[in-house]
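Thanks for coming, everyone. Let me put the model on the screen, and then we will walk through it.

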2 protein chains.
Amino acid sequence: MSDQPQVLVGGRWRAADRPTGEFRAEDPTRAEAIGPAFPVSSAADVEAVLIAGIAAAADLVATAPERIADFLERYASAIEGDAETLVALAAAETALPAEPRLRSVELPRASGQLRQAARAVREHSWSDPVIDTASGLRAHRAPLGKPVLVFGPNNFPFAFNAIAGSDFASAIAARNPVIAKAHPSHPATSRRLAELAHAAILAAGLPAAAVQMLYHVDNSLGVRLAGDARLGAIGFTGSRAGGLALKAAADPAGIPIFAEMSSINPVFLLPGALAEDADALAATFFASCTMGSGQFCTNPGIVVVPKDAAGDAFVARATREFAEASPRPLFSRGVQESLARAVQGLTVAGAQVLAGGDVGAGTGYRFRPTLLSVESAAFIDDKGALQAEAFGPVSLLVRVDGDEAFTAVAKAFEGNLTGTLYRAADGSDDVLWASVARHLRERVGRLIANRMPTGVAVSPAMNHGGPFPSTSQAGFTAVGMPSAIHRFTALHSYDNVPDALLPDELRDRNTVGVQRRIDGRWSDADVGAGASTRTHH
Amino acid sequence: MSDQPQVLVGGRWRAADRPTGEFRAEDPTRAEAIGPAFPVSSAADVEAVLIAGIAAAADLVATAPERIADFLERYASAIEGDAETLVALAAAETALPAEPRLRSVELPRASGQLRQAARAVREHSWSDPVIDTASGLRAHRAPLGKPVLVFGPNNFPFAFNAIAGSDFASAIAARNPVIAKAHPSHPATSRRLAELAHAAILAAGLPAAAVQMLYHVDNSLGVRLAGDARLGAIGFTGSRAGGLALKAAADPAGIPIFAEMSSINPVFLLPGALAEDADALAATFFASCTMGSGQFCTNPGIVVVPKDAAGDAFVARATREFAEASPRPLFSRGVQESLARAVQGLTVAGAQVLAGGDVGAGTGYRFRPTLLSVESAAFIDDKGALQAEAFGPVSLLVRVDGDEAFTAVAKAFEGNLTGTLYRAADGSDDVLWASVARHLRERVGRLIANRMPTGVAVSPAMNHGGPFPSTSQAGFTAVGMPSAIHRFTALHSYDNVPDALLPDELRDRNTVGVQRRIDGRWSDADVGAGASTRTHH
């Protein structure tokens with residue numbers, strides 16, 4: 001037991017307290033355990049992180065924002081400085097390619113995201129100050145005063161890691177401590193990140209328990225933790241079943257849970273766009289669907305294809321691409337088994353396999369890139385089963401005959417993160433665009449034109465969110481600064497409070513340089529400066 | 001049955017479909033039924049409003065915002081023009097004073113709130129457009145595309161009415177249809193408002209079913225309705241039990257519910273402030289606690305008073321005021337019975353009755369203004385029972401000995417809408433302020449200095465919300481434009497979508513004149529105008 005990796009609890013690394021079990025990472029390409037045996041934490045560890053998290057929350061509320069920004073920047077630099085080690089660990093645990101994915105795409109995205117959070121902290125932009133000079137009321141967004149619990153997913157060991165990703169950066173940017181529950185499929189990567197985070201916390205002079213991490217808890221303890229009213233909020237990225245179980249625990253306790261659960265990301269190939277170059281579109285689609293073995297929340301899981309000559313050409317080329325591709329490594333046995341079940345479910349529901357459909361030959365956790373097809377009438381009739389997410393390199397083609405069928409398919413979708421339409425450059429699809437986009441728009445968080453949905457830019461205008469059940473509600477984004485930070489804030493109004501007793505952002509003199517909505521207009525000005533304000537009406 | 005008032009369903013007034021019962025309003029001062037027998041709607045009416053609401057939602061998404069603003073302004077004018085009738089109906093059904101409360105305070109507040117919503121619509125200020133020129137992403141807030149269900153409370157027949165109040169105005173401002181579930185204690189007032197709303201809908205050329213109203217449904221049908229996934233969101237103002245029951249139904253269906261449930265609104269009288277004028281503070285407190293028979297969400301239900309000479313003087317004067325006051329009319333038998341139970345619960349938990357404590361003499365639904373007291377140690381030990389809301393003219397004094405006890409009491413509170421501190425003008429309380437306010441701040445939505453909490457200004461900087469269980473979450477306000485509108489919106493991102501296919505607010509040319517966050521800065525400018533944007537970094 002003494003060699004077991006330590007958990008980060010209460011501001012220090014220590015042995016897990018009476019762990020209920022242990023687990024090891026696996027090399028997915030060989031299906032063999034690698035690295036040390038990590039502890040499955042007990043209720044004792046859970047209680048300890050809660051108690052320390054509450055104390056840290058009180059301290060963080062009173063911490064100068066500059067220290068938070070300093071921490072985020074130190075941590076970003078430490079991740080960049082440790083890139084070789086981190087990439088090697090993550091590549092071994094996930095089988096994701098070191099280049100370009102881990103080293104040149106995901107790691108810079110993770111460190112860049114931490115830096116964007118730091119900038120939002122320094123600019124105070126997430127606090128959205130509002131000043132009403134006539135009523136004496138002023139309001140802004142503020143820390144929750146309680147710890148935020150973050151559950152990381154299996155598919156982004158850096159950019160969505162519970163100890164380094166968007167939820168982590170967002171929660172701590174708003175001066176909330178984070179209790180990270182790492183994903184058990186990449187514990188060594190998470191441990192290394194936590195070591196860097198902990199060192200940066202100490203160097204920045206933040207409360208040591210502002211960042212804590214457990215590797216794993218069993219499901220029932222995780223659900224119990226999610227319902228503990230000492231939490232301020234929960235961030236979750238993962239499966240629908242997992243998200244709904246945590247939500248069912250958090251909701252009755254009044255704990256806001258921001259769960260990003262599942263999405264099939266429909267792509268509509270309008271006839272004009274398809275006629276322009278069906279072959280190139282098929283190649284683009286194949287690359288998007290199979291990149292990272294399709295293990296993306298924004299994987300194009302459904303493509304709506306007209307039943308015309310260009311549509312047939314697209315299907316033929318895509319089928320060939322999928323059929324000729326080798327089986328790809330998946331993260332784990334669980335992913336492989338879920339994927340096999342999902343593909344079977346699609347066929348039972350009436351989809352026909354055009355290519356792939358099984359694990360194929362080779363070692364490790366793999367699945368052949370798989371393409372299925374179904375008629376639009378069957379898809380519309382059976383919304384549920386044919387909209388089940390198949391997490392992996394799998395996509396279902398829905399063949400439509402005529403414009404009305406396009407629109408009818410759009411109306412059949414439940415909530416998704418993204419919806420994509422490919423339209424012709426000459427505008428010939430735009431009547432159909434209007435009809436399809438209108439229905440798709442309210443069913444997705446991000447509406448995309450002529451790009452595949454994979455690839456989520458960290459942008460203030462990103463929405464990595466969408467209507468239930470893709471997320472727990474349609475009003476927030478899990479990616480993009482400062483918007484993602486808003487999830488982990490409370491709205492604080494001050495009524496008749498003297499200037500000297502207000503937070504810096506709300507005082508008459510705008511010493512922090514933030515834009516504030518003063519009497520209805522966003523402005524850099526001091527209150528009472530004249531030019532920037534207007535008569536209250 | 002033919003004389004029974006009609007329900008507003010599917011864009012027209014019609015008889016209730018197989019009602020499950022009927023009910024009448026009461027004159028609270030005599031405890032006698034008045035007015036006609038209104039229908040209790042059946043599942044058939046509920047299904048009809050949902051079906052019509054969904055169709056109206058699709059139409060409203062495509063409706064020009066100017067029409068929504070036109071409706072809101074017409075409706076506001078109609079309410080003002082019909083003031084005499086509305087005030088007479090509301091006064092009869094609620095026993096609230098016609099003057100100044102209903103005629104000069106609440107009715108203008110309701111119509112003014114509708115006008116503020118109209119202005120937010122015309123200014124597009126609720127849509128919060130965000131433009132990131134480097135990534136090609138643009139985002140804003142948009143309609144839900146589904147109807148919003150609004151449950152109105154008993155205590156504001158105009159300003160929180162399901163068919164006229166803040167939730168109503170907020171939901172329709174964002175182009176969502178409203179299904180109003182009126183409160184059964186003032187059906188004739190609600191009917192009159194619905195007649196005005198319906199006429200304004202038709203005059204403005206909006207879809208007729210954009211506003212629908214049922215008078216009443218039984219509790220089990222209400223809960224079933226709240227869990228219907230065809231809803232986009234729910235607004236609720238009322239009791240904690242009612243709010244939690246609806247939340248338990250809405251949560252598993254992924255329906256955001258914005259429930260404002262209960263609050264005891266602690267008031268801390270710091271020693272310096274009390275020493276300045278204990279007598280005047282006692283009179284102010286008495287007036288605030290008994291105004292409108294104390295039937296306010298922001299009633300000062302707990303006052304923290306030091307055990308010193310000024311504190312004793314405050315208690316003596318307040319006790320006298322409460323003891324000499326006549327019993328006040330309450331809205332209904334239900335309110336009276338709940339209040340009697342609540343006062344009994346406080347005494348069982350250890351509070352001592354200083355004045356009042358029973359219904360007193362007289363007809364109708366009444367309760368004597370009641371003052372109770374308890375020692376801080378007992379309050380801290382027994383958080384739950386002594387923090388139960390007593391909805392009516394009742395307040396509990398918590399006596400504290402020394403600064404540490406003040407802070408300890410502040411730490412004992414659960415989530416509330418407001419928290420108030422009275423501080424001395426000479427700054428002598430400011431050390432204690434810092435210690436108490438720090439803990440109170442994270443437990444309340446609005447922190448108030450030297451004002452009683454009753455009176456909720458309709459201001460963009462208002463927070464009429466607070467941490468659970470005062471509301472269902474700490475991140476939203478139920479009052480204040482445009483902030484309250486955000487509750488009933490979805491976040492919509494556009495990725496690589498051509499300018500001509502974007503919503504007006506997100507196009508390069510800012511034709512609607514809204515301030516937009518372009519590359520991190522709020523600006524009126526067009527995109528590409530140079531001066532307003534900066535390098536994306």
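Two residues are in contact if their C-beta atoms, placed from the backbone, lie within 7 Å. By that rule, 57 residues of chain B touch 57 residues of chain A.

A word on the source. This is a predicted model, where local features need pLDDT of at least 70, side-chain atom pairs count only at pLDDT 80 or more, and totals for chains, interfaces and linings use all residues. Residues are numbered from 1 along each chain as its sequence is written, while chains are lettered from A and ligands numbered from 1 in the order in which they are written.

Back to the interface. Helices (H or I, at least four residues) and strands (E, at least two) are DSSP runs, numbered from the N terminus. On the side of chain B that touches chain A, strands S5 (130-132), S6 (137-142), S20, S21 (490-495) and S23 (521-523) and helix H16 (430-441) each supply at least two residues. S21(B) gives the largest share, six residues. By class, this side of chain B has 29 nonpolar, 18 polar and ten charged residues. Here Ala, Val, Leu, Ile, Met, Phe, Trp, Tyr, Cys and Pro count as nonpolar, Asp, Glu, Lys and Arg as charged, and the others, Gly among them, as polar.

How are the two copies related? A rotation of 180° with 0.0 Å of shift along its axis superposes chain B on chain A, RMSD 0.0 Å. That is the relation of a two-fold axis.

Twelve strands form an open, mixed sheet in the order S23(A)-S22(A)-S5(A)-S6(A)-S21(A)-S20(B)-S19(B)-S12(B)-S13(B)-S18(B)-S17(B)-S15(B). Two strands pair if DSSP finds at least two bridges between them. At the edges stand S23 (521-523) of chain A and S15 (352-355) of chain B, each with a single partner strand, so one side of each has no neighbour in the sheet. Neighbouring strands are turned by 25° against each other on average, direction ignored.

Where do the chains join in this sheet? S21 (490-495) of chain A runs parallel to S20 (444-449) of chain B, with three bridges between them. Tyr494(A) stands opposite Leu447(B) there. S20 (444-449) of chain A also pairs with S21(B), in the parallel sense and over three bridges. In that pair, Asp495(B) is the bridge partner of Ile448(A).

Last, two helix pairs. Axes are lines fitted to C-alpha atoms, for helices over the stretch in contact, and angles run from 0 to 180 degrees between N-to-C directions. H3 (83-94) and H6 (187-204) of chain A pack at about 155°, axes 8 Å apart. They are therefore roughly antiparallel, a label for angles over 145 degrees, with under 35 being roughly parallel, 65 to 115 roughly perpendicular and the rest oblique. Their contact divides into four nonpolar, two polar and two charged residues.

In chain B, H4 (98-123) and H5 (166-173) pack at about 20°, with axes 9 Å apart. That makes H4(B) roughly parallel to H5(B). Their contact has six nonpolar, three polar and no charged residues.

Key. Least-squares fit on C-alpha atoms with pLDDT ≥ 70 in both.
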